[in-house]
Amino acid sequence: MNSRELVRNIISRKEVPRCGFWLGNPHPEMLPILLNYFNLPDEETLRLQLGDDIRWLTPQYFPGIYRHPEGKGIFDLWQNKKSLGEAGPLAGCENVKEIDNYEWPDPDYLDFSGFLPVLDNAGNYYRASGFWAPFFHDIADLFGMENYFLKMYTNPEVVHAVTERVCGFYLEANERFFHEAGDLVDGYFFGNDFGTQMDLLITPEQFEEYLLPWIIRFAEQAHRHGCQVLFHSCGSVARIIPLLIEAGVDCLHPLQSKASRMDAGTLAKEFGGRLAFMGGIDTQDVLVNASAEEVREEVRRVKRLLSPNLIISPSHEALLPNVPPQNVLAMAEAALE
């Protein structure tokens, strides 16, 4: 059984010989540290060395995907702010008609011809792909986060209209992408961070009204194209995991294990067998401060609780330079035991 088949079976909750492993997406400052430690030339060789089962290949950030006539990127249209707290370009919008005056991304500018060979050459590894679609963050950028949350109460029509514009673009972009990619994609991997260390950023009721309907549509679209659905959210999202399962999410990532009710024991007790898990190896303390043997023991503990429907991975995919390379190796070795 190759890695592609293994991960598909894990997410389908079938019998498998071992759990999976994904290194994650190391921070640009961390990657040279890892390459130097292992004396390797590039990221792909590193993944081969560590036994990584997954290749995350999103078209969204691939050069040349969005061919705007003025050279603008998809997100150049609105991401010019310096912080989440800063007011966005739609902060003062109180009328749905005003939204039409904003320059929205156009799916007609998408060109996947340079990206499809990347998928085709991915080897016998699980291909997690599709547009990352961080619509919750995009909308927060457009309004400014505080304005976004306030408008959910004061002007829901405007929030719904902007959400339709943002998510409508991603939905159409995915439809075109999945049509062209065909069976080159195994799973649709997309994400938005809905949680803090303690709880959700918004109420479950707001989540159900503004966000869940679009997660359902993205999941339905992926399943229609033969893809499994892998959903990312950092933070404590335990209160909405049942809603994510009902929405069609097949695998939850990254299991921020120090966040409230996101530890492996709680997840196994409350949701074990209902979906697959990817992540769970703590990047806030364990991978940073523990010894290599302690990391191995933590991986084994998480495996005992969440296997067989488990892909071992860091609890935040962007490994930072504060994680010792020997602990990354220990995590990989214990995952593949």
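Mentor: Two strands pair if DSSP finds at least two bridges between them, where strands are DSSP runs of E with at least two residues and helices are runs of H or I with at least four, both numbered from the N terminus. The structure above is a predicted model, in which local features need pLDDT of at least 70 and side-chain atom pairs count only at pLDDT 80 or more, while totals for chains, interfaces and linings use all residues. Residues are numbered from 1 along each chain as its sequence is written, and side-chain values use heavy atoms, with hydrogens and water left out.

Trainee: What makes β1 and β8 a pair?

Mentor: Strand β1, residues 20-21, is joined to β8 in the parallel sense over 2 bridges, and at least two are required, so the strands count as paired. In one of these strands, β8, the bridge partner of G20 is I311.

Trainee: Which strand is joined to β8 by 5 bridges?

Mentor: That is strand β7, residues 276-281, which runs parallel to β8, and I281 stands opposite P314 in β8.

Trainee: In what order do the strands of the open sheet lie, and what makes β1 and β2 its edge strands?

Mentor: The sheet has 8 strands with parallel pairing, in the order β1-β8-β7-β6-β5-β4-β3-β2. Its edge strands are β1 and β2, since each pairs on one side only. Strand β2 pairs with β3 over 3 bridges, with W56 as the partner of A128 in β3, and β3 is joined in parallel to β4, residues 187-191, by 2 bridges, where S129 stands opposite Y188.

Trainee: Which way do the residues of strand β3 point?

Mentor: Y126 and A128 point one way from β3, residues 126-129, whereas R127 and S129 point the other way, and all are buried. In a regular strand the side chains alternate between the two faces of the sheet.

Trainee: Why is F271 called buried?

Mentor: F271 has 4% relative accessibility, so F271 counts as buried. This residue lies in helix α10, residues 264-271. Leaving aside neighbours within four places in sequence, F271 is in contact (heavy atoms within 4.5 Å) with A238, I241, P242, I245 and F277.

Trainee: What puts the buried residues of α2 on the same side?

Mentor: The buried residues of helix α2, residues 31-38, are L31, L34, L35 and F38. They cover an arc of only 100 degrees around the axis, judged by the directions from the helix axis to the C-beta atoms, and therefore lie on the same side of α2. What covers them includes α3 (43-50) and α13 (325-335).

Trainee: What volume does the largest pocket have, and which residues are closest to its centre?

Mentor: Of the 21 lining residues, N25, E43, R47, W56 and L57 are the closest to its centre. A pocket is an open set of points on a 1 Å grid over the protein atoms alone, where a 1.4 Å probe fits, with protein on both sides within 12 Å along at least five of seven lines, and lining residues have an atom within 4 Å of a point. Helix α3 gives the most to this lining, with 3 residues.

Conventions
Buried means under 20% relative accessible area, exposed over 50%, partly exposed in between (1.4 Å probe, protein chains only).
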